[in-house]
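Subject: Structure handover

Hi there,

Here is the structure I promised to pass on. Please have it open in your viewer while you read, and my notes follow below.

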Amino acid sequence: MRTDGLRSPEWLLAQCEKRLRTCWAEVVCGRAMWSPRFDLGTSQFTGVRLRAVWSGLHLDTLEWRDWVSAAGAGVELVPRTVSYARGMDQEIPAAVTVADIEVAARLLGAAWVDRLARTARRRATVAAAFPELDDVAGLLRAVDGSSDVDFEITCRAAAWFAAPHPAGLTARQVPVEGMGSKWLDEHAGVVRRLAGLDDLGLLPGRPSRVHVTYLDPAHLARGGRRHDVATVGDVDTVAYRPRIVLICENRDTAQQFPPLAGVIAIEGDGRGARAVASLEWVHAAEHRFYWGDMDADGLEILHGFRVAGLAVESLFMDVPTYELWEKYGVDRDHGGRPLGPRTPREVSLLTPSERELYLLLCSPDWRRHRRIEQERIPLDVARLALSEKVKP
């Protein structure tokens with residue numbers, strides 16, 4: 001058993017990794033220094049306490065010497081001389097030094113060795129092609145998870161944008177070798193950073209569209225169309241100004257919702273809150289509701305609509321409603337994968353009752369269903385609940 005208070009080789013490796021994660025890119029770029037010393041906690045062993053633990057501490061000292069010897073070049077044990085008894089000075093380990101990040105990487109294994117080698121190669125590439133870039137370390141961190149192929153495309157794209165080039169292109173029209181039609185959508189930030197530009201100057205891609213369903217019975221009785229599409233940036237008109245807007249996570253629910261005076265239903269399209277929030281007539285409605293699945297995703301989407309600036313009230317998204325409809329819950333997603341716990345995100349715009357359900361559904365201690373799909377609640381029940389909420 002290890003002496004209580006003496007740190008172990010496993011602790012040393014964990015500290016090496018923690019320290020590497022903090023500074024690896026900066027050290028490679030010459031912007032920071034590696035701190036090589038790791039104290040082992042033996043300064044507490046003096047006098048009576050030293051004599052009380054001496055037998056075990058002596059064995060631990062021998063173990064540390066063996067470990068450091070096996071660790072190879074660049075790893076050294078820093079001793080400390082203590083007086084075990086009169087005339088009996090002994091050495092115990094005070095610290096271990098790990099000479100540099102290359103030695104630390106070697107101790108941690110191939111993944112870190114490969115990471116440092118990859119970073120050094122990429123630093124050389126960036127230094128040669130983009131000598132004016134200030135925060136090279138930050139850029140290297142940003143592309144650390146990119147494959148070599150993606151990094152090469154990033155460099156080609158940044159060089160193209162940094163040089164004189166035609167204006168008035170969308171992201172899909174940029175003529176860079178190896179770039180797929182959606183690649184720039186995901187990598188625009190790092191390309192802009194590498195090119196030293198505040199903006200890539202691209203035209204917007206396809207305008208976002210919001211699918212709506214007219215529910216007002218008088219409008220439908222006059223032969224008015226039931227379904228429509230509102231295009232963001234186009235003329236903002238609908239067949240009638242709704243008193244109530246109902247945003248539904250599921251398109252079937254929006255399209256099949258029963259007739260209700262003054263209501264327009266919107267297909268929420270997952271996390272497309274900004275498109276809906278850009279429509280003036282949605283903001284002008286007297287009431288706005290969001291109705292999604294009772295699961296972590298649905299509540300995060302609800303929060304997202306509020307972040308986008310829409311004052312929406314939720315429908316069927318709290319603990320009492322969950323308990324009422326729990327018998328219809330499921331434990332797998334649409335791909336058949338188990339639904340499990342997750343780390344809660346920042347959802348400060350949820351109400352206390354909504355947040356209570358969200359935290360339960362995220363919790364590893366939750367043993368009940370993690371999703372109740374919106375479609376399981378009958379639409380006539382939803383129509384009645386909506387009517388009750390908006391009574392004059």
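Let me start with a definition: the expected span of a helix is 1.5 Å times one less than its number of residues. Helices (H or I, at least four residues) and strands (E, at least two) are DSSP runs, numbered from the N terminus.

Two points on provenance before the findings. This is a predicted model, in which local features need pLDDT of at least 70 and side-chain atom pairs count only at pLDDT 80 or more, while totals for chains, interfaces and linings use all residues. Residues are numbered from 1 along each chain as its sequence is written, and side-chain values use heavy atoms, with hydrogens and water left out.

I call a residue buried under 20% relative accessible area, exposed over 50%, and partly exposed in between (1.4 Å probe, protein chains only). On that scale, the buried residues of α6 are Phe151, Ile153, Thr154, Cys155, Ala157, Ala158, Trp160 and Phe161. Among the elements that cover them are α4 (110–129) and α7 (183–195), where contact means heavy atoms within 4.5 Å.

Helix α4 has 20 residues and reaches 29 Å from its first C-alpha to its last, close to the 28 Å expected at 1.5 Å a residue. Trp112, Arg115, Leu116, Arg118, Thr119, Arg122 and Val126 are buried in α4. They lie on the same side of α4, because they cover an arc of only 165° around the axis; the arc is that of the directions from the helix axis to the C-beta atoms. Ala110 and Ala128 are exposed, on the face of α4 turned away from its buried side. The cover over the buried residues of α4 includes α1 (9–28), α3 (101–108), α5 (136–142), α6 and α7.

**The sheet**

Next comes an open sheet of six strands, in the order β5-β4-β7-β6-β8-β9 and with mixed pairing. Two strands pair if DSSP finds at least two bridges between them. β5 (227–231) and β9 are the edge strands, each pairing on one side only.

How much of β7 is buried? Five of its five residues are, so β7 is largely enclosed by the rest of the structure. Val263, Ala265 and Glu267 point one way from β7, Ile264 and Ile266 point the other way, and all are buried.

On one pairing of β7, strand β4 (residues 209–214) runs antiparallel to it over three bridges, with Val212 opposite Ile266. Strand β6 (residues 244–248) and strand β7 (residues 263–267) run parallel, joined by five bridges. There, Val245 has Ile264 as its bridge partner, and Leu246 stands opposite Ala265. β6, helix α9 (residues 251–256) and β7 form a right-handed β-α-β unit. Right-handed here means that, with the strands pointing away from the viewer, the path from the first strand over the helix to the second runs clockwise.

β6 also runs parallel to β8, again with five bridges, and Val245 stands opposite Arg288 in that strand. Strand β8 (residues 287–291) is mostly covered, with four of its five residues buried. β8 pairs in the parallel sense with strand β9 (residues 313–314) over two bridges, and Phe289 has Glu313 as its bridge partner in β9. From β8 the chain passes through helix α12 (residues 296–307) to β9, in a β-α-β crossover that is right-handed.

**Asp236**

Asp236 sits in the loop between β5 and β6. It counts as partly exposed because its relative accessibility is 26%. Leaving aside neighbours within four places in sequence, Asp236 is in contact with Leu279, Glu280 and Trp281. Thr42 and Asp236 are 194 residues apart in sequence and 72 Å apart in space, C-alpha to C-alpha.

**Cysteines**

A disulfide is a covalent bond between the sulfur atoms of two cysteines. Taking it as a pair of cysteine sulfur atoms within 2.5 Å, the count comes to zero disulfides. Cys155 is in no disulfide, and its nearest cysteine sulfur, that of Cys29, is 13 Å away. Cys155 is buried, because its relative accessible area is 11%. Cys248 is buried too, at 0% relative accessibility.

Best wishes
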